[in-house]
Amino acid sequence: MRVTHSNRFNLFIGNLNGTLSDLMDLNIQAATQKVINKPSDNPVGMARVLGHRDTLASLGQYRENVSTAKGWLGLADNKLTRMEEILTRMRELAEQAATGTVSADNREQISYEGRQLYEELIVLANTQYEDKYIFSGHKTDTKAYEKALWLSDNDGSTAGTAFTITGAAEKTVLVRFTSAGTVGTDALTYEYSADGGKTFTNGTLAAGATQLNLGGVQLGLEAGVAVTQHDPTVSGSAGNGTWLWVRPTAIYQGDDNDALSVDKLGPSTLNATASGLFEKNITVRIDNTTTLGGNPVRYSYSLDGGANWVTGLSTDGSADPNNLTLVVPGGTLTLSDSGGGNALTAGEQFVIRPRTAKISLEIAPGESIQINNIGKDIFGGIYADPATGQKTLAPGLPAGVNMFDEIGKLVAYLETNNQQGCQEVLAAITPIGQHLMNHAARVGASENRLVVADGVLETMQLNAKERMSEVEDADLSELMTKLANQQIVYETVLRSSSMVMRLSLANFI
């Protein structure tokens, strides 16, 4: 067979390109120090590398979440510890003011520090991390607490009654009634002091009226409150008529986990209530037309707003034709006759909505940790229930551990020279401190858990990197040997090609 110049040229070019391509591939591996730089290098290996990269990305995000959680919890731990130190100092002030050897001037002097420490407690309760309030529950863009005024009395006359306070006062306002009677019925006289009881201003409450004018503060009492007359010849508030203190407090503005609401979607006129512990909204759907006493009552539930349903559930309602309880994850949904009948219609839905104040971060697959705190459950204060708007002492706290309420009383008693009141509050400060430290311990335990979780994630990251390196990374000594050999091959092909392909006109004569 005759080998033409064209054949030889194409063969030589193919050899050159092949050896040069191999050399360039080795050069790229030397530059990247990886044997897999594109899927075609090793399709199976690339799939494994992409899997390891995905794992590393997930682990990296988990470690970022752990870092964020450490920031939130570490700051909370620090502030709770600082607040306990302030409570220790407040206890010392209360002990001084509760002794009979301390004069009125001394208590006034103590009150200055007490007021400042109280306001510092509010500042600490409003601590922010990355511009987010850590004690406001889920409302991280809202201050946990605002300064406000509240009411205390010496004889329980206002206990359990509604009242309103408007205006502002730099010090506690002390009110004493100089006549006895019933608010909203009788004409009453009273006196008030805005300087700690040094001077008093007289006031009157007309028959049928309920609002007391206290200078810069307006106090509205509930009609029917019975008050007794103060005796000016007797010192102290114990058994000496009705005394009122309009005093400092703090109102919680975050959210809570205290209640559940149920929304009805459809024609139902039934009452619907839920009970249990729910982490998210749950939608319950009735699947057959029947009554509360039907057998069976078929239903389904969804944890993702109706995108997916758990079906095939049923219950027997025949035991009580007017009440039906449906079991769902976390608790129960109870339907009852509201007077409009007990009918159930296929397709109608009930959405259980828990109040969600907790913020959790995922720190491992299927593992989350709460990073925020609900201020009212730690510090107390005043809380307006979102459902009713009524302001009360923060619910859910054990008796006597509402920090902002008790310390607010102490400031009031210091500012109005009330030795007995200081003695009463003194006994409450110790359990408040213990309550605070219980929450600090929970935060500390969460921090320790994060340390463990971070260590596990770090080990998993190292393991994933090692596995990926075994597949993807080049052996440098082996690569340099291959690169040197391929360089020799390329130069050999180049030299041999140039020798064979000597083209001259003389070869054709």
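Which residue just after α5 takes a positive phi? Asparagine 417 does, at about 55°.

The views show a predicted model, in which local features need pLDDT of at least 70, side-chain atom pairs count only at pLDDT 80 or more, and totals for chains, interfaces and linings use all residues. Residues are numbered from 1 along each chain as its sequence is written, and side-chain values use heavy atoms, with hydrogens and water left out.

**View 1. Helix α5 spans residues 403-415 and is mostly covered.** Helices (H or I, at least four residues) and strands (E, at least two) are DSSP runs, numbered from the N terminus. α5 has 13 residues and reaches 18 Å from its first C-alpha to its last. That is close to the 18 Å expected at 1.5 Å a residue (the expected span is 1.5 Å times one less than the number of residues). Of its 13 residues, 12 are buried (under 20% relative accessible area; exposed is over 50%, partly exposed in between; 1.4 Å probe, protein chains only). Among the buried residues are Met403, Phe404, Ile407, Leu410 and Tyr413. Asp405, Glu406 and Glu415 are also on the buried list.

**View 2. Five strands form an open antiparallel sheet.** The order is β13-β22-β15-β17-β18 (two strands pair if DSSP finds at least two bridges between them). β13 (260-265) and β18 (310-315) stand at the edges, each with a single partner strand, so one side of each has no neighbour in the sheet. From one strand to the next, the twist averages 25° (axes are lines fitted to C-alpha atoms; angles run from 0 to 180 degrees between N-to-C directions).

**View 3. β22 pairs with β13 and with β15.** Six bridges join β13 to β22 (residues 349-354), running antiparallel. Four antiparallel bridges join β15 to β22. Glutamine 349 of β22 is the bridge partner of leucine 265. Glutamine 349 is also the bridge partner of arginine 285.

**View 4. Strand β15 covers residues 282-286.** Four of its five residues are buried. β15 pairs with β17 (residues 297-302) in the antiparallel sense, over four bridges. Isoleucine 286 has tyrosine 299 as its bridge partner in β17.

**View 5. Serine 179 lies in the loop between β5 (173-177) and β6 (181-182).** Its relative accessibility is 15%, so serine 179 counts as buried. The serine 179 side chain reaches the backbone nitrogen of threonine 189 at 2.9 Å. Leaving aside residues up to four places away in sequence, serine 179 touches Ala187, Leu188, Thr189, Val227, Thr228 and Gln229 (contact means heavy atoms within 4.5 Å).

How values were computed: Polar contact = N/O pair within 3.5 Å; in protein donor to acceptor, adjacent residues only side chain to side chain.
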